[in-house]
Amino acid sequence: MLRFHNTYATLDARLYHKQPPTALANPQAGHFNRKLAARLGWLDDDFLMTNWVAIIGGALVPKGFEPLAMAYAGHQFGQWAGQLGDGRGLLMAQVLDTDGRLTDLHLKGAGLTPYSRMGDGRAVIRSVVREYLAGHALNALGIRASNALGFVISDTPVRRERLERGAALLRTADSHIRFGHVEWIAAFAPNLLLPFTRYVIATYFDECLAMNTPITAFLQAVVDATAQTLAAWQLVGFAHGVMNTDNLSITGATLDFGPFGMMERFNPMWINNHSDYNARYVYQNQPSIALWNLSRLITHFLRLDGLALSEQHAREDLSREVLTDILDSFGERFYAAYERGLCQKFGLPVSAANAAVALRYLDIMQQHRLDYTNSLRALLAIASDEAGLHEQALLATLNNELAATPDGLATCKAWQADYRALSPDAAQIAQYNPVYVLRNSMAQAAIERAEQGDMDEVARLFDVLATPYTVSPLARPEDTQPPAPDAAEICVSCSS
């Protein structure tokens, strides 16, 4: 059974607009995440299980749900965008999972809200399928991200570049509070900043309440969580594509999958969002953009300089100098996490020297545009003669591609000799380098079949991506097949 804990709905009414979803026409089952449903207590409720399609389709609001659209603001592509908010989504409820963790249930594609601006409040099949599989894939990879309970498709017509069918997704996250919430408060309701900060700390960073300066500790925790997530993105080759301040979660979890992509042939300057005309959000820039976004967030806490979170706490020094020191810690925290993760992927003890060895391999991958995921998984075959057939085949393909370029194979062979001399741990390499990521071709194949009402490919990919670190009997050769070396890079639409 769901254990409701709808605390956001008790906050100042200026922060949201309560409303029910607008039902989709003839909603039909897409896919349902039974493992996540069990963790939420949904699986044990016969009413919820019987009616999950109607609930996600917006036709039924169960008892205990308090749907609302959140107000927030933000910087989009580096420019202040002002009032934003949930234009097609609703926070349906907050619940405690089986481990007592607060979890948001958020319906995407729920219809018009006061924050829809020029939009129609809907989502389409292609965006819903991509987000459903992406959240599931990142969670399986061990990266903090929203996840989805299920999705439906419908007969509701939705106009994008062409006429498409509407769909909806019930996603979960530890929080849907974004950097943009603080930006909205600072711009439109500055008197709410202290009570809102009090709520956020008590709800998501309660360990900070034991500190004498909880606001300072909270801001440092946000920086640390963001640094950890960005390091995880870079290590697995994930490019978010649209890192606006309204798309970054206060808890550091990955949120709002739009024109995202998983790196295939390694190009740190790959533009995967067709609206990113200036390459602002490319893979290479993600850490610096995270820092820029954090600066937009943390600057607003100058307003609280000299104030106390509560009567039990001291007045805090939130001067420009203190906030700058917190921001400046991002680079150190990010690189420490990245260096640790990089050494783990290469099966080596964590050290600057070993990270340098790993970076030499990444340079080879970049110079010769090798496949990111496959080249790292091929480390198993470089490190051990006992590697499986899949990894042996990956190494053979890598060597064949390098042999087609001047000095490519010789350079890599020299690196391989140096690497083997370090006695890398094969088990660790297998633990930290996935066999499968959600390649664009995989998502596109699932989308095309889903648009015809066939969910078999979604279901197959869901199962393959559930165990990304082991070779799956459900996998097909194309699941690990990169684009041809001369193929045009994929650029995904923002419209969804």
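Asp256 sits in the loop between β12 (238-239) and β13 (261-262), where strands (E, at least two residues) and helices (H or I, at least four residues) are DSSP runs numbered from the N terminus. This is a predicted model, in which local features need pLDDT of at least 70 and side-chain atom pairs count only at pLDDT 80 or more, while totals for chains, interfaces and linings use all residues. Residues are numbered from 1 along each chain as its sequence is written, and side-chain values use heavy atoms, with hydrogens and water left out.

- The unreviewed UniProt entry lists Asp256 under "binding site", together with Gly85, Gly87, Arg88, Lys108, Asp120, Gly121, Arg171 and Arg178; UniProt positions are given in the numbering used here, feature names are shortened, and annotations may be inferred rather than shown by experiment.
- Asp256 counts as buried at 13% relative accessibility, the term buried meaning under 20% relative accessible area, with exposed over 50% and partly exposed in between (1.4 Å probe, protein chains only).
- Leaving aside neighbours within four places in sequence, Asp256 is in contact (heavy atoms within 4.5 Å) with Arg171, Arg178, His240, Asp246 and Asn247.
- The side chains of Asp256 and Arg178 are joined by a polar contact of 2.4 Å, that is, a pair of N or O atoms within 3.5 Å, of which, within protein, one must be able to donate a hydrogen and the other to accept it, residues adjacent in sequence counting only if both atoms are side-chain atoms.
- The feature "active site" is placed by UniProt, again in an unreviewed entry, at Asp246, a residue that also lies in the loop between β12 and β13 and is buried, with a relative accessible area of 7%.
- Not counting residues up to four places away in sequence, Asp246 touches Tyr72, Ala73, Gly74, His75, Gln76, Leu84, Arg178, Gly180 and Asp256.

- With a relative accessible area of 11%, Gly85 is buried, and its contacts, apart from neighbours within four places in sequence, are Met70, Ala71, Tyr72 and Tyr115.

- Thr7 is found in the loop between β1 (3-4) and β2 (16-18) and counts as buried at 17% relative accessibility.
- Although Thr7 and Gln94 are 87 residues apart along the chain, their C-alpha atoms are separated by 7.4 Å.
- Thr7 touches both Gln94 and Tyr199, residues up to four places away in sequence not being counted, and its side chain makes a polar contact of 2.7 Å with the side chain of Tyr199.

**Helices and their packing**

- Helix α5 (residues 179-188) is largely enclosed by the rest of the structure, because eight of its ten residues are buried; these are Phe179, Gly180, His181, Val182, Glu183, Trp184, Ile185 and Ala186.
- The buried residues of α5 pack against β4 (68-70), β5 (73-76), β6, α6 (193-204), α7 (214-236) and α8 (286-299).
- Helix α13 (residues 389-403) has 15 residues and should span 21 Å at 1.5 Å a residue, which agrees with the 21 Å between its end C-alpha atoms; the expected span is 1.5 Å times one less than the number of residues.
- In α13 the residues His390, Glu391, Leu394, Leu395, Leu398, Asn399 and Leu402 are buried, and the buried residues of this helix pack against α10 (352-367), α11 (372-377), α12 (379-383) and α14 (408-420).
- Glu457, in helix α17 (residues 456-466), counts as buried at 5% relative accessibility and touches Ala445, Ala446, Arg449 and Arg476, residues up to four places away in sequence not being counted.

**Cysteines**

- The structure holds zero disulfides, a disulfide being a pair of cysteine sulfur atoms within 2.5 Å.
- For Cys343 the closest cysteine sulfur, in Cys412, is 18 Å from its own sulfur, which is too far for a bond.
- Cys343 counts as buried at 1% relative accessibility, and Cys208 likewise counts as buried, at 3%.

**Domains**

- The domain assignment gives domain 1 (3-175), domain 2 (180-342), domain 3 (343-432) and domain 4 (440-476), with bounds that come from an automatic or database assignment.
- The centres of domain 1 and domain 3, taken over C-alpha atoms, are separated by 41 Å.
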